[in-house]
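Visitor: I'm new to reading protein models. Could you walk me through one, feature by feature?

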Amino acid sequence: MLFTTIAQLVDLAETNKKKISDIMLEQELAANKSDQDALLYRMATHLKIMQQAVERGLTENLKSRSGLAGGEARLLATYNQKNTALAGNLITTALTMAIATTEVNACMGAIVAAPTAGACGVIPGCIFAVGDHLESTEEDLIAALFTAGAIGLVIANNASISGAEGGCQAEIGSAAGMAAAAVTQLSGGSPRQCADAVAIALKSMLGLVCDPVAGLVEVPCIKRNATATATAITSADMALAGLESIIPCDEVIEAMNRIGCSMPVALRETSMGGLATTKTGKQIAERVFGKPSPESDCASCSH
Ligand code: SF4
């Protein structure tokens, strides 16, 4: 491995006057014993699948089998056309694309797990909205995906990208960190600023539990993908403005790992806690599967 920490990744990039994406490409070349053209082609294919998922979510009349997902990306797109969105056009476009992608996932369509299927909307939402705004080239977007991949690789090796293991902070939180680095690089930020953007985004997602209603990756997952795009883009903006994370990125990742390990099993994709065991969450589970979500005993408090 060329790097196992974000600090090493940033040092390598800065010492060699390269982007994080360049270092990740070198890492993949070494690990896969593949040639550069083949790796770039594979990443271009991932980018294409991401684009097609956004397109499908915005043009097709999607509805998931549970009836919980579908149609909301188009609703948000219509709202965004009025140019009255409080978050502004860029962020609302990112939210729309994130929801479009995750609706396609809920309807069993093709998406790119980035880093997981449940978190598949964050990176496309961010890179396409920011890329459109900056008029980025396809080459820039492919490089941004390599940068996102470098961050995901460090998080996966030093913490987790699995909701069942580390809660939603590990899935959508990791996606927010990966996307924050990607759009920081797209915007001309330095490797160090990319790392700060990751740290700021991850800190905002620490402690987020995994509590899918009825065990389906729909509620709260779809809208959580959208809000995570806003977190990623605003984190990138802070880093690009020169704000630094007081806690170094690698220490944030370590903290995320410790928090995940101390999370009760009820809040790690079992649907035995959180939103899954609300009155409405249980009613949905009963309607979809004919039985309510199993509820865990809350041993740590008397509520
Ligand atoms: S709530 Fe759980 S299932 Fe849904 S996106 Fe987050 S980690 Fe994945």
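This is a predicted model: local features need pLDDT of at least 70, side-chain atom pairs count only at pLDDT 80 or more; totals for chains, interfaces and linings use all residues.

Visitor: Where is Ala-129 found, and what does Ala-129 touch?

Guide: Ala-129 sits in helix 6. Leaving out residues up to four places away in sequence, Ala-129 touches Leu-90, Thr-93, Ala-94 and Met-97. Now try Thr-229: along the chain, Ala-129 and Thr-229 are 100 residues apart, yet their C-alpha atoms are 9.9 Å apart in space.

Visitor: How do I read a pair of helices, such as helix 6 and helix 11?

Guide: Here's the general idea: you describe two packed helices by the angle between their axes and the distance between the axes. In this model, the axes of helix 6 (residues 122–134) and helix 11 (residues 221–240) come within 8 Å and cross at roughly 50°. That makes the two helices oblique to each other, and the crossing is right-handed.

Visitor: Which residues meet there?

Guide: From helix 6 come Val-122, Gly-125, Cys-126 and Val-130, and they meet Asn-225, Ala-228, Thr-229, Ala-232 and Ile-233 of helix 11. Sort that contact by class and you get six nonpolar, three polar and no charged residues.

Visitor: What about helix 3: which of its residues are buried?

Guide: A handy rule comes in here: an α-helix has 3.6 residues a turn, so residues three or four places apart point the same way. In helix 3, the buried ones are Met-43, Leu-47, Met-50, Ala-53, Val-54 and Gly-57. Those buried residues pack against helix 4 (72–81), helix 5 (88–106), helix 6 and helix 7 (138–158).

Visitor: How do I check the length of helix 3?

Guide: Count 1.5 Å a residue: the 24 residues of helix 3 (residues 36–59) should span 34 Å, and the end C-alpha atoms are 35 Å apart, which agrees.

Visitor: And the loops? Which peptide bond there is cis?

Guide: Look at the bond joining Ala-114 and Pro-115, where omega is about 0°. Pro-115 is in the loop between helix 5 and helix 6. The bond from Val-219 to Pro-220 is cis too, with omega near 10°, and Pro-220 belongs to the loop between helix 10 (191–205) and helix 11.

Visitor: Last one: is Lys-17 buried or exposed?

Guide: Lys-17 has 8 C-beta neighbours inside 10 Å, so Lys-17 counts as exposed. Its phi is near 55°, a positive value in a residue other than glycine.

Methods
Residues are numbered from 1 along each chain as its sequence is written. Axes are lines fitted to C-alpha atoms, for helices over the stretch in contact, and angles run from 0 to 180 degrees between N-to-C directions. Helices (H or I, at least four residues) and strands (E, at least two) are DSSP runs, numbered from the N terminus. Angles under 35 degrees count as roughly parallel, over 145 as roughly antiparallel, 65 to 115 as roughly perpendicular and the rest as oblique. A crossing is left-handed if the near helix is turned anticlockwise from the far one by less than a right angle, and right-handed if clockwise. Two residues are in contact if their C-beta atoms, placed from the backbone, lie within 7 Å. Ala, Val, Leu, Ile, Met, Phe, Trp, Tyr, Cys and Pro count as nonpolar, Asp, Glu, Lys and Arg as charged, and the others, Gly among them, as polar. The expected span of a helix is 1.5 Å times one less than its number of residues. A residue is buried if 20 or more other C-beta atoms lie within 10 Å of its own, exposed if 12 or fewer, and partly exposed in between; C-beta atoms are placed from the backbone.
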